[in-house]
Amino acid sequence: RAMTTASVWDPNSAGMEMQRKSSFSLLDSMPRPMPESGEHPDTMEKLWRLMETYESNDPESIQRAFARHLEYSLACTRFNFTMADAYRAAGLVLRDRLIE
């Protein structure tokens, strides 16, 4: 079904195809693009290796990230957290995926 708009500008007339941007994190272990070899010093090599893949979006990875944020970012234990803490942890998990 074609997308219609009431605006003056038509992307088809400009030769542009409008598509939803897909997330790299939907692909399993897709490597992040690395900068050219001269763009970062050798001291940052370990950091680049640690950040070379995106976070997974499967349900178990999201649940683990939720528990991690609840415990470490918000300093809650499994015995003393509120629904507001759970809401904040879910927001942090979402933020992590949006930033990528």
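**Helix packing and salt bridges**

Author: In this predicted model, helix 2 and helix 3 pack with their axes 9 Å apart, at an angle of about 120 degrees. In general, two packed helices are described by the angle between their axes and the distance between the axes.

Reader: How are helix 2 and helix 3 oriented to each other?

Author: Helix 2 and helix 3 are oblique to each other, since angles of 65 to 115 degrees count as roughly perpendicular and those over 145 as roughly antiparallel. The crossing of the two helices is right-handed.

Reader: Which residues of helix 2 and helix 3 meet?

Author: From helix 2, the residues are Ser61, Ile62, Ala65, Phe66, Arg68, His69, Leu70 and Ser73. They meet Asp85, Ala86, Ala89, Ala90, Leu92, Val93, Arg95, Asp96 and Arg97 in helix 3. The residues of this contact divide into nine nonpolar, three polar and five charged.

Reader: Let us turn to the charged pairs. How many salt bridges does a search of the whole structure find?

Author: Side chains of opposite charge can pair when their charged atoms come close. Here the search of the whole structure finds four salt bridges. One of them joins arginine 64 to glutamate 60, with the closest N and O atoms 2.9 Å apart.

Reader: How are arginine 64 and glutamate 60 placed in helix 2?

Author: Arginine 64 and glutamate 60 lie four residues apart in helix 2, which spans residues 59-73, so about one helical turn separates them. Arginine 64 counts as exposed, because its relative accessibility is 57%. Glutamate 60, at 45% relative accessibility, is partly exposed.

Reader: Is aspartate 85 buried or exposed?

Author: Aspartate 85 counts as buried because its relative accessibility is 16%, and the cut-off for buried is under 20%.

Reader: Which side chain meets that of aspartate 96 in a salt bridge?

Author: The side chain of arginine 95 does so, at 3.1 Å, N to O. Aspartate 96 is buried at 15% relative accessibility, whereas arginine 95 is partly exposed at 40%.

Terms used. Residues numbered from 1 in each chain as written. Predicted model: local features only at pLDDT ≥ 70, side-chain atom pairs only at ≥ 80, totals over all residues. Heavy atoms only, no water. Buried < 20%, exposed > 50% of the residue type's maximum accessible area, 1.4 Å probe, protein only. Axes fitted to C-alpha atoms, helices over the stretch in contact; angles between N-to-C directions. Parallel < 35°, antiparallel > 145°, perpendicular 65-115°, else oblique. Left-handed = near helix turned anticlockwise from the far one by under 90°. Contact = heavy atoms within 4.5 Å. Nonpolar A, V, L, I, M, F, W, Y, C, P; charged D, E, K, R; others polar.
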